[in-house]
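Subject: Structure for you to look at, with notes

Dear colleague,

I am passing on the structure we spoke about, with the sequence alongside, and my notes follow below. Please read them with the model open beside you.

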Amino acid sequence: MTERLTTLAALKAWLGITADTSDDQLIRLINAASQFTLNYLGRRTFARATYTQNFRGNGKTSQLLYAWPVLAVSSVGVAGSAIAASAMGNVGMPGSGYTISDRRAGMQSVDLWGYGYWYGAPSQIIYEAGYESTVTF
């Protein structure tokens, strides 16, 4: 079963349905629409989860993350070396380390300052991303 992005009760309230004769069909529609949405966005879930993203360096200073919004970064490593989080440096520019791009801009990236994802170097980012939910399905 897929992660449902809404509840049967919420859908029925939105559609103004009070009878339960179409519940099975509505649940199938919720499942199909939820799976389509997750597939379209390339996500396995919207729930909070820990992700380990292994990749080969692209020769640049930025790497897009598969899941968002990013809630926390556990570690960033390039060629076996750990890179610490950046602290604000002179005139508001980040110092050496990594920063996370703004979540309001959509997909997020881990940007390196004073470092780079060396071309072809094994790299890894471990992070937590997703949405908190108090709704039970």
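Two strands are said to pair here if DSSP finds at least two bridges between them, and the elements themselves are DSSP runs, numbered from the N terminus, with helices taken as H or I of at least four residues and strands as E of at least two. This is a predicted model, in which local features need pLDDT of at least 70 and side-chain atom pairs count only at pLDDT 80 or more, while totals for chains, interfaces and linings use all residues. Residues are numbered from 1 along each chain as its sequence is written, and side-chain values use heavy atoms, with hydrogens and water left out.

Overall layout

The protein has two helices and seven strands, and from the N terminus on these run α-α-β-β-β-β-β-β-β. Its C-alpha trace spans about 65 × 35 × 20 Å along the principal axes. The radius of gyration (taken over C-alpha atoms, with a globule rule of 2.2 Å times the number of residues to the power 0.38) is 20 Å, whereas a compact globule of 137 residues would have one near 14 Å. Of those 137 residues, 32% count as buried, where buried means under 20% relative accessible area, exposed means over 50%, and partly exposed lies in between (1.4 Å probe, protein chains only). The protein exposes about 8,700 Å², of which carbon and sulfur atoms supply 57%; accessible areas come from the Shrake-Rupley method with a 1.4 Å probe, and for residues only the protein chains shown count as cover. If contact is taken as heavy atoms within 4.5 Å, then among contacts between residues at least 6 apart in sequence, 66% join residues at least 24 apart.

The strands

Strand β7 (residues 122-129) runs antiparallel to strand β3 (residues 70-78), and seven bridges join the two; within this pairing, Val73 has Tyr127 of β7 as its bridge partner. Strand β7 also pairs with β1 in the antiparallel sense, over eight bridges, and there Ala49 is partnered by Ala129 in β7. Strand β1 (residues 49-56) has a covered face made of Ala49, Tyr51, Gln53 and Phe55, and an uncovered one made of Thr50, Thr52, Asn54 and Arg56.

Strand β3 is also joined, by three bridges, to strand β4 (residues 81-83), and these two run antiparallel, with Gly77 standing opposite Ala82 in β4. The hairpin of β3 and β4 has two residues between the strands, and in it Ala79 takes a positive phi near 55°. Ala79, found in the loop between β3 and β4, counts as partly exposed because its relative accessibility is 34%. Leaving aside neighbours within four places in sequence, Ala79 is in contact with Trp118, Ala121 and Pro122, while its C-alpha atom is separated by 19 Å from that of Tyr51, 28 residues apart along the chain.

Salt bridges

How many salt bridges does a search of the whole structure find? The search finds three, a salt bridge being a side-chain nitrogen of Lys or Arg within 4 Å of a carboxyl oxygen of Asp or Glu.

One of them joins the side chains of Lys12 and Asp23, at 2.9 Å from N to O. Lys12 lies in helix α1 (residues 8-15) and Asp23 in helix α2, so this pair ties together parts that are eleven residues apart in sequence. Lys12 counts as buried because its relative accessibility is 12%, and Asp23 is buried as well, with a relative accessible area of 17%.

Another is formed by Arg48 and Glu128, whose closest N and O atoms are 2.4 Å apart. Arg48 lies in the loop between α2 and β1 and Glu128 in strand β7, so the pair ties together parts that are 80 residues apart in sequence. Arg48 counts as partly exposed at 41% relative accessibility, and Glu128 counts as partly exposed at 24%.

Asp102 and Arg104 also form a salt bridge, with the closest N and O atoms 2.6 Å apart. Asp102 is partly exposed, with a relative accessible area of 36%, whereas Arg104 is exposed, with 74%.

A nonpolar patch

Phe36, Tyr40 and Leu41 make a nonpolar surface patch of about 380 Å². Patches are made of residues with over 30% relative accessible area and no salt bridge, like charges being joined within 9 Å and nonpolar side chains (Val, Leu, Ile, Met, Phe, Trp, Tyr) within 5 Å. Tyr40 is found in helix α2 (residues 23-41) and counts as exposed because its relative accessibility is 66%.
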